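The exercises below ask you to read a structure step by step, and each task is followed by a worked solution. Try each task with the structure in view before you read on.

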Amino acid sequence: MSYVTIDQVTKGYENQVVLNDISLVLKKGEFATLLGQSGCGKSTLLRSIAGLEDVDLGRILIDGKDITNLSPRQREVGMVFQSYALFPNMNVFDNIAYGLKMKKIKNIKSRVKKMIEMVDLIGKEESYPHQLSGGQQQRVALARALVMEPKVLLLDEPLSALDAKIRKNLQKELKRIQKELDITTIFVTHDQEEAMTMSDRIFVMNKGQVVQSGSPSEIYTSPVNTFVAKFIGNYNVCNMEAFRKLVRSTELKGNEVAIRPEVLQLVSVGEDSLDLQENWVIKGIIKDVSMTGNVLRYEVETEESVFLVDYLHHRGNMFEQGARVHILVPKKECIIL
Amino acid sequence: MKSSLTIHKVIVGLLVIYLLIPLVGTFLFSIAGKWDHTILPESYTMKWYIELFQDERFYDAFRRTLFLIVMSVGLSVVIMLPTIFIITVYFSKWEGLLQAVAMLPYGIPPIVGAVGLIKVYSDGPIQIAGTPWILIGAYFITILPFMYQGIRNSLRTLNAVQLVDAAELLGATKFQAFRTVVFPNIISGILVSTLLSVALLFSEFAFANLLVGGRFETLQIYLADKLNSSGHLTSAIVITYYSMILLLTGTVLKLTFRNEKYPVVSNKKRILSFFRKQYSHKNTTLEGEK
Ligand SMILES: Nc1ncnc2c1ncn2[C@@H]1O[C@H](COP(=O)(O)OP(=O)(O)OP(=O)(O)O)[C@@H](O)[C@H]1O
Ligand SMILES: [Mg+2]
């Protein structure tokens, strides 16, 4: 059953189309992520769902009800902004209670208290926003939206202003709260790793359109085009003509081939345990080695292009800069685009 | 290091003395009985102040000035606050235009403005030349840049647009959002602009003299008139005047420092330039006296 439906929504500013005929459908309780580069229209889509922007064409439905022309306050949608947008003149309690007061809802106190417990802010009720850390402000913003029990929760890059460690913690906590309340959530990010860990479903956006949607592993293992392949997980994308030359084969079709860096293997030239049945073999020279935490990344120069090869960082995986190697490319892992 | 610090202190000290001497001199003169050949007065008296505070004309002038100021500043707040809010939040396209209009008064010297105003309003449908209403209109324009900058900066630093968005999503109407979220956060910013405007209008002379002059004697006109009679009395007026303005600026400064959390930079700059203006004003008064 669809719970949120975006139906052919188009929106432009002056002479620039920002959302280009976007359609997407979410199930109840789903955690969906809009993933895309800066300026691709993620915030605009989110703000359109919230009613903070008008759409030019198309419809938006929540729980079977057409909300396209309702004002923000009638939509029962909660939103957390990237810069939190807490009310500086109110303390934590009043910030969270604000919506309940506006809607004249009863037993404000107990509901706010429950929310404060949920986001782990006990003891901070009397603090003002400027007395809180970034992560705490984020929790207040979240609690302020959630206390209204919205039908849909919209999160616009809520974690991007926080440092890596707090960010990881809050990701987990956000996910926990989302599961606990079973709230349909649309999360915006341009960090593919964040999208992968959090989402039930990812919508990859480019230039105002959804280019691919699916579960994180679907998106990761089978990108539908070059854009997704490059954006998700640093795929090696190689022109097909060049690739055919490299592997000396004519049986391959298509325009481009995409290969994840972690499926590639390096073998020193001279070792002759090459499985030519399962793999393509490409000759190359190690141009550069870099380390990102537990991953060693080799840049291997071949006759046609540079390939990235990722290895887990442990002894025995060491190749020196300038070493001559063979790259083993598993045939099964080549994604033809 | 140390010697350069001393030089700094000396410079600051000289500056303070330079700025304070006229003020101290005026003050001493206002409480001096006989003061002919000595450095300090030979005797002191409060009679100039007593004379001043017993003069009905002074109170009348004070009341008129107060009326003018309250009317123009009040009108400015009531009109400009919603206008600027609506334009910055909902019609940001028009912001440039509003800013240009608000800055226009800087470009017109009061004399030119006054002559123009008298010409326009002495006949035709609105004949208010010579009445306090034309002065209120002129004052409204005079303080427009101050009010505009102050209110707009407060809204900017607050990120009012996003707060209104957030409040609306939580169920507030636009008006409720303004009243509960925006207004409480910009009130001190507005107060600063208001007090600065009041202080500015307190010392405005050109418009007051040219537009209404003796027909609606304000404090400024009264002061100018008294310049010709007793120097001691004038000094007493100047000191009274100055104390009032000092009180105002003190309040402004206190408010600004209390708001350090959400600093409104240009307000501070304005206070500085305002001080400069006050001092030069005092200096000319004193020279006129000698
Ligand atoms: N009020 C506006 N007026 C004109 N153009 C706008 C406006 N708001 C957004 N845009 C344009 O719409 C496009 C999409 O903006 P949007 O904020 O949705 O991007 P985004 O995907 O959220 O990017 P980011 O990841 O940087 O937040 C941008 O090219 C931007 O310039
Ligand atoms: Mg955005």
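**Exercise 1.** Determine which residues of α8(B) are buried.

*Solution.* Begin with the terms: helices (H or I, at least four residues) and strands (E, at least two) are DSSP runs, numbered from the N terminus, and buried means under 20% relative accessible area, exposed over 50% and partly exposed in between, with a 1.4 Å probe and protein chains only. Going along the helix, you find that A160(B), Q162(B), L163(B), V164(B), D165(B), A166(B), A167(B), E168(B) and L169(B) are buried. Helix α8 of chain B, which covers residues 160–169, is thus mostly covered, with nine of its ten residues buried. After α8(B) comes G171(B), whose phi is positive, near 105 degrees.

Before going on, note that this is a predicted model, in which local features need pLDDT of at least 70 and side-chain atom pairs count only at pLDDT 80 or more, while totals for chains, interfaces and linings use all residues. Residues are numbered from 1 along each chain as its sequence is written, chains are lettered from A and ligands numbered from 1 in the order in which they are written, and side-chain values use heavy atoms, with hydrogens and water left out.

**Exercise 2.** Describe how α6(B) and α7(B) pack, and which residues make the contact.

*Solution.* First take the axes, which are lines fitted to C-alpha atoms, for helices over the stretch in contact, with angles running from 0 to 180 degrees between N-to-C directions. Helix α6 (residues 132–142) and helix α7 (residues 144–158) of chain B pack at an angle of about 45 degrees, and their axes are 4 Å apart. Angles under 35 degrees count as roughly parallel, over 145 as roughly antiparallel, 65 to 115 as roughly perpendicular and the rest as oblique, and α6(B) and α7(B) are therefore oblique to each other. Next, with contact meaning heavy atoms within 4.5 Å, α6(B) contributes F140(B), I141(B) and T142(B), while α7(B) contributes L144(B), P145(B) and F146(B).

**Exercise 3.** State where the domains of chain A lie and how far apart their C-alpha centres are.

*Solution.* The bounds come from an automatic or database domain assignment, which gives domain 1 (2–231) and domain 2 (235–336) in chain A. The C-alpha centres of these two domains of chain A lie 39 Å apart, and their contact takes seven residues from domain 1 and seven residues from domain 2. Finally, consider residues 4–232 of chain A, a span that is 35% helix and 28% strand, with its end C-alpha atoms 25 Å apart.
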